[in-house]
Amino acid sequence: MKVDESKCLGCGRCRAYCTMGAISFTRDARGRVCAQVDQHECVDCGVCFRAEVCPGEALYEPKPEWPRSVRSTFSNPLVEHKETRIPGRGTEEMKTNDVTGRFKWGEAGMAVEMGRPGTGARFTDIEKVAMALSSLGDIHFEPKNPLTGLMADKNTGKMNPEVMDEKVLSAIIEMTVPLDRVQDVIGAVRKVAQELSTVCSFDLTCKVHPGDTVPAFDLARKAGVSPTINGKTNVGLGKPFFEEVKQ
Ligand code: SF4
Ligand code: SF4
């Protein structure tokens, strides 16, 4: 997002809408107060523009060029990822597993959600987490997730060097993990989280097993993580896109 200084009235209305605190004020050559957007911090989410609070119509979105374009595709919910045709973070996410069949019996679906409004997530941090995870082995990054598509090496989690200066509002690293490696993944994320300049959280799920047990929850508890009480249970009413193999 940018500000046309010739139109800006310096009213300050846009500032409260910025998800990254990227809008500040300066004086232009004629001494008038004018808004400016820190291009390093702005994630091109478009919230300030869509709020329609600018009386001077001074805010404008330049045509995004690669690699900066990843900012809006991950941060602006109105922009679709061309790989997945899904807006926002660009993934169906694990909660639709009953129809997508991403993870099978004996596997857990896991994800690390990185960044939130106020912090965002830089690709340097995303790469740190992805590389820490892949070093465990047995981790398969979700191919239908646009972050996976930005990896230069899906075996190591190394990202495309071209996007390393970019920042997004939020992104999800999704993967399939053998159930017996769930605790290792939790341990690895806890360790690498100490090196991050953003926040992250876990997603964890698996199929409901006979006896209505959810082994992933027990494994998480053993690793010292308590599932939240508002966790989701998918009751499987969707039409599967895959052939189910019964346990
Ligand atoms: S596009 Fe988003 S991050 Fe950039 S200035 Fe506007 S609200 Fe802030
Ligand atoms: S709302 Fe518009 S006119 Fe007011 S400070 Fe922001 S860019 Fe300038």
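The shell around ligand 1 consists, by class, of ten nonpolar, two polar and one charged residues, where Ala, Val, Leu, Ile, Met, Phe, Trp, Tyr, Cys and Pro count as nonpolar, Asp, Glu, Lys and Arg as charged, and the others, Gly among them, as polar. The model is a predicted one, in which local features need pLDDT of at least 70 and side-chain atom pairs count only at pLDDT 80 or more, while totals for chains, interfaces and linings use all residues. Residues are numbered from 1 along each chain as its sequence is written, chains are lettered from A and ligands numbered from 1 in the order in which they are written, and side-chain values use heavy atoms, with hydrogens and water left out.

Of the 13 residues around ligand 1, those that come nearest are C18, C42, C45, G46 and C48; a residue is taken as near if one of its heavy atoms lies within 4 Å of the molecule. Around ligand 2 stand C8, L9, G10, C11, G12, C14, F25, A35, C54, P55, A58 and L59, a shell with ten nonpolar, two polar and no charged residues.

The chain is assigned a domain 1 (2–60) and a domain 2 (89–222), with bounds that come from an automatic or database domain assignment. Five residues from domain 1 and nine residues from domain 2 take part in the contact, which means heavy atoms within 4.5 Å. The centres of the two domains, taken over C-alpha atoms, are 35 Å apart.

Between domain 1 and domain 2 about 550 Å² is buried, 55% of it given by carbon and sulfur atoms; this area is the accessible area (1.4 Å probe) that two parts lose on being put together, summed over both. On the side of domain 1, M20, H40 and V43 lose the most area to domain 2, and together they make up 67% of what that side buries.

Two salt bridges are found across this interface, and the structure holds eleven, each defined by a side-chain nitrogen of Lys or Arg within 4 Å of a carboxyl oxygen of Asp or Glu. Two of the salt bridges in the structure are tabulated here.

| Salt bridge | N to O distance |
|---|---|
| K167 and E41 | 2.6 Å |
| E166 and R71 | 2.6 Å |

Two backbone features remain. The peptide bond from W66 to P67 is cis, with omega near 5°, and P67 lies in the loop between strand 4 (59–60) and helix 2. D44, although not a glycine, has a positive phi of about 55°, and D44 is placed in the loop between strand 3 (33–37) and helix 1 (47–50).

Technical notes:
Helices (H or I, at least four residues) and strands (E, at least two) are DSSP runs, numbered from the N terminus.
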